[in-house]
Amino acid sequence: MFNVQLSFTNATIFQFSSSFMVQHHLQLAAASSHGWLRATPSDGHSETSVDKRWDSLAFNPVKTDYIYVMKSCKDGSFSNGGLRHYGNIEISPSAAVLNYGQGIIENLKAYKNKNGSIILFRVEENGLRMRVGADRMCMPAPTIEQFVEAVTSTVSANERWIPPSNKGFLHVRPLLMGNGPVLSLTPAPEFIFLIYVTPVRNYFEGGLKPINVVVENDIHRATLGGVGNIKAIGNYAGIMKAQAKAKANGFSDVLYLDSIHNRYLEEVSTANVFFVKEEQFFLALQEKVL
């Protein structure tokens, strides 16, 4: 049982044994009146049914065991977070996230090492990015420490859903959203921080392979002065049309141009793009369409 932090390019790799982390993070569970649960690594589930799924993993949501939920207080702080059984959540029809898109997401990966330990990479950096995005969207956010605790707690409680290293990884999705009711264009009076996880297959099975992308001339991924530099939930719906058209024509993804000159390469749908030119790496924004 151990908890080791390894320094790596100004970030942190968290490596821990599941039994240690579950025992430690169950202290976060609040009283049963709040609906929080005390989880164990297996929690009485059969491992056999899970093991059979590794070969059929895709990029679809899988109903795992637990989610993490924490709500904001009147002063904007977050407290009394904990684990709950995976399931639907209640939300007001007039919630700010539904009516005005006041919400942001994060993405992390949890891997299972060959020795059985679980590896997470630079969790604190994702927590910092969420706080930066929250500030831009007029939202309070959990502290970085709360973010890290919540992620490791959720991953530990869902340990049985982490595929073997050669089969895939556990996709970790933190959400921060304005669930309080509003009618006018104003920040929500209440916010909820939620984490769910789902197992997915490796991106590049069988090694790295070339993909075909199409340059999009009309639809833009981000605009000057907008929120393209943060992970606002509304950033992605606007490009679904271009992505669907590209895939219908046999392309893997879309390469977007800048919104000012419409000639500089920017990024693909959900990732940055790098180019190698004369043995040097370049960000996409530094390259022109020839």
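How many disulfides does a search of the whole structure find? I ran that search, and the count came back as 0. I note at the outset that this is a predicted model.

**Entry 1: the cysteines I looked up**

Cys73 is partly exposed, with a relative accessible area of 28%. Cys138 is exposed, at 51% relative accessible area; this value lies above the cut-off, because exposed means over 50%. I shall return to Cys138 when I reach helix H4.

**Entry 2: confidence**

Before reading further, I looked up the confidence values. The protein averages a pLDDT of 83, and 77% of the residues score at least 70. Which elements have the lowest and the highest mean pLDDT? Strand E1 (residues 3-8) has the lowest, 37, whereas E3 has the highest, 98. Two stretches called for caution. Residues 20-44 have a pLDDT below 50, and this stretch makes 52 contacts in the model beyond near neighbours in sequence. Where pLDDT is low, the predicted coordinates should not be read in detail.

**Entry 3: salt bridges**

Side chains of opposite charge can pair when their charged atoms come close. How many salt bridges does a search of the whole structure find? The search gives 4, and I recorded several of them individually.

I began with Asp55 and Lys167, whose side chains meet in a salt bridge at 2.6 Å, N to O. The pair links distant parts of the chain, 112 residues apart. Asp55 sits in the loop between helix H2 (47-51) and strand E3 (66-72), and Lys167 in the loop between helix H5 (144-157) and strand E8 (168-178). Is Asp55 buried or exposed? Asp55 counts as exposed, at 64% relative accessibility. Lys167 is partly exposed, with a relative accessible area of 28%.

I turned next to Asp65 and Arg160, whose side chains form a salt bridge at 2.7 Å, N to O. Asp65 is in the loop between H2 and E3 and Arg160 in the loop between H5 and E8, so this pair ties together parts that are 95 residues apart in sequence. Asp65 counts as buried at 7% relative accessibility, and Arg160 is likewise buried at 9%.

Glu159 belongs to the loop between H5 and E8 and Lys112 to strand E6 (residues 108-112), so the pair ties together parts 47 residues apart in sequence. Glu159 is buried, with a relative accessible area of 14%.

**Entry 4**

I listed the buried residues of the helix: Val123, Glu124, Asn126, Gly127, Met130, Gly133 and Ala134. An α-helix has 3.6 residues a turn, so residues three or four places apart point the same way.

I then examined backbone angles. Most residues other than glycine have a negative phi. Arg122, however, has a positive phi near 40 degrees. Arg122 lies in the loop between strand E7 (118-121) and H4, and is partly exposed, with a relative accessible area of 36%. Just after H4, Cys138 takes a positive phi of about 60 degrees. Cys138 is placed in the loop between H4 and H5.

**Entry 5: an annotated lysine**

Which residue does UniProt list for "modified residue: N6-(pyridoxal phosphate)lysine"? The record, an unreviewed entry, lists Lys231. I located Lys231 in the loop between strand E10 (213-216) and helix H6 (240-248). Lys231 is buried, with a relative accessible area of 16%. Leaving aside residues up to four places away in sequence, Lys231 touches Gly103, Ile104, Ile105, Glu106, Asn107, Arg129 and Tyr236.

Key
Residues numbered from 1 in each chain as written. Predicted model: local features only at pLDDT ≥ 70, side-chain atom pairs only at ≥ 80, totals over all residues. Heavy atoms only, no water. Helix = DSSP H or I, 4+ residues; strand = E, 2+ residues; numbered from the N terminus. Buried < 20%, exposed > 50% of the residue type's maximum accessible area, 1.4 Å probe, protein only. UniProt positions renumbered as here; feature names shortened; annotations may be inferred. Contact = heavy atoms within 4.5 Å. Disulfide = S-S within 2.5 Å. pLDDT = per-residue confidence, 0-100.
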